[in-house]
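Student: Can you walk me through how a couple of helices sit together? I'd like to look at the model while we talk.

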Amino acid sequence: MTEIDAKIDALVPAWLTLPEIAEEFGIEVTRVRQLVKEGQLIAVRRGENRALHVPAAFIDGDKIVKGLTGTLTLLRDDGFTDEEMLEWLFTPDPSLPGTPAQALSENRGTEVKRRAQALAV
């Protein structure tokens, strides 16, 4: 759980707090914290009270966006920090088109994972 910088904060269009995600999922906040700890989600401290926030694009109704967890694992294996992963996921990629985060939410995870794997080469 890292402190967010202004550049990353500007890239991510919307954020959710852990209690908001817990409500969406119908689970306890402690379980959402566990999802972050397990690496299934990225949470960063932001805002006046430095509360933990997750990009809203990572949530699809009552579940994590399909393909996100695998993509995060690939990026971590490539040595990316949480901030670097957020920057990569929310920076427009003309070859997709759009951002990797948008592609994941549009069920184009295979394309995103392919690009994440290519980063390791």
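Student: Where is the place of Gly-26?

Tutor: Quick note to start: this is a predicted model, where local features need pLDDT of at least 70, side-chain atom pairs count only at pLDDT 80 or more, and totals for chains, interfaces and linings use all residues. Residues are numbered from 1 along each chain as its sequence is written, and side-chain values use heavy atoms, leaving out hydrogens and water. Helices here are DSSP runs (H or I, at least four residues), strands too (E, at least two), numbered from the N terminus. Gly-26 follows H2, and its place is in the loop between H2 and H3.

Student: Is Gly-26 buried or exposed?

Tutor: Buried means under 20% relative accessible area, exposed over 50%, and partly exposed in between (1.4 Å probe, protein chains only). Gly-26 has 63% relative accessibility, so it counts as exposed.

Student: How are H2 and H3 oriented to each other?

Tutor: The axes of H2 (residues 18-25) and H3 (residues 29-37) come within 8 Å and cross at roughly 105°. Under 35 degrees counts as roughly parallel, over 145 as roughly antiparallel, 65 to 115 as roughly perpendicular and the rest as oblique. H2 and H3 are therefore roughly perpendicular.

Note on methods:
Axes are lines fitted to C-alpha atoms, for helices over the stretch in contact, and angles run from 0 to 180 degrees between N-to-C directions.
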